[in-house]
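Good morning, and thank you for joining. Please look at the model on the screen while I describe two of its regions.

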Amino acid sequence: MTRDIRKRERKTLCRLVGVMLAATALSLPAPAFAYKIFVSNEGDNTMTVLDSASMEVIETVPVGQRPRGITITNDGKYVLLCASDDDTVQMIDSETYEVVATLPSGPDPELFALDPEGRLLYIANEDDNLVTVVDVEDRSLVSEIPVGVEPEGMGVSPDGSVIVNTSETTSMAHFIDAKTHDITDNVLVDSRPRFAEFKHDGSEVWVSAEIGGTVSVIDTAAHEVTHKITFEIPGLRPEAIQPVGVRITGDDKTAFVALGPANRVAIVNAETYEVEEYLLVGQRVWQLAFSPDESLLFSTNGISNDISVIDVADRKVIKSVQVGRLPWGVVTTPE
């Protein structure tokens with residue numbers, strides 16, 4: 001009798017423990033989505049793939065010559081990569097890492113931008129002073145748009161109606177109508193503009209000037225520079241502060257600017273345009289990319305051959321990871 005009672009008690013206890021464990025599991029947050037991080041390495045013609053869960057390199061992929069600009073299709077299936085010295089854009093399967101197609105990019109593609117629908121790719125062709133428009137789905141050439149000398153930066157407005165290209169030698173931001181492909185305006189900025197980033201509400205486009213050492217904030221309705229952001233870092237000469245990559249948070253409140261050989265990422269209040277902080281990263285920081293939830297920011301550091309991982313909320317660098325030689329561009333898979 002006593003033995004039977006003990007068996008029943010043990011069974012009851014096991015059931016209670018099972019119920020408690022199930023309830024605990026339901027109350028725990030779901031595990032974070034494991035995304036991938038892709039880095040183009042200009043110096044050794046490779047693409048590094050990192051896993052976000054471990055922040056470790058999981059693959060090094062041979063790609064075309066002098067890879068620079070890098071982005072990903074809206075569905076996350078394909079990485080698009082500028083193989084600048086091969087005069088092509090490679091379309092790479094994000095799971096198998098195989099090149100599935102090459103897109104008709106025009107000569108020396110440097111940077112590009114996808115339209116919001118993810119179909120049209122706008123490519124800056126530095127050698128021919130063109131913006132090439134490619135249909136990613138059809139993998140066909142749509143148009144070639146003559147622009148200023150040495151085009152590099154590319155941005156597309158959130159509604160897809162306006163394209164902005166920056167020409168380094170002309171020191172201009174060219175506003176292009178996405179339907180007609182006509183240039184509607186040219187806005188003078190500081191020397192050697194490298195990047196164009198729209199705010200998510202479409203009200204402004206931020207253009208970095210590498211040699212000028214500034215970021216010009218352009219009102220997209222008036223096509224006028226309304227603010228000019230400058231940077232001062234104690235102990236560094238002004239010419240060592242060279243803004244390149246720019247990223248703005250989804251709420252349009254904070255901007256991050258890569259400052260090249262200054263080895264810093266500036267944090268800028270995107271409402272007051274004041275520089276709030278500088279974060280020390282690796283050497284010769286080029287480009288930036290957010291994680292899908294914007295909790296992390298990744299910077300490519302060209303001379304130290306690594307990426308820095310920045311905690312956006314805490315505003316601090318939490319890790320660096322060695323990648324290939326001369327890392328240039330970075331992108332993550334979407335949610």
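I begin with S25, which pairs with strand S26 (residues 306–311) in the antiparallel sense over six bridges; two strands count as paired if DSSP finds at least two bridges between them, and strands are DSSP runs of E with at least two residues, numbered from the N terminus. This is a predicted model, in which local features need pLDDT of at least 70, side-chain atom pairs count only at pLDDT 80 or more, and totals for chains, interfaces and linings use all residues. Residues are numbered from 1 along each chain as its sequence is written, and side-chain values use heavy atoms, with hydrogens and water left out.

Within that pair, Asn 301 stands opposite Asp 306. Four residues lie between the two strands of this hairpin, and Asn 305 in the turn has a positive phi of about 60°.

S25 is also joined to strand S24 (residues 285–290), antiparallel, by four bridges. Here Ala 289 is opposite Phe 298. The hairpin of S24 and S25 has five residues between the strands, and Glu 294 takes a positive phi near 65°.

How many residues of S25 (residues 296–301) are buried? Six of its six are, buried meaning under 20% relative accessible area with a 1.4 Å probe, protein chains only. Leu 296, Phe 298 and Thr 300 lie on one side, and Leu 297, Ser 299 and Asn 301 on the other.

Note on methods. Buried means under 20% relative accessible area, exposed over 50%, partly exposed in between (1.4 Å probe, protein chains only).
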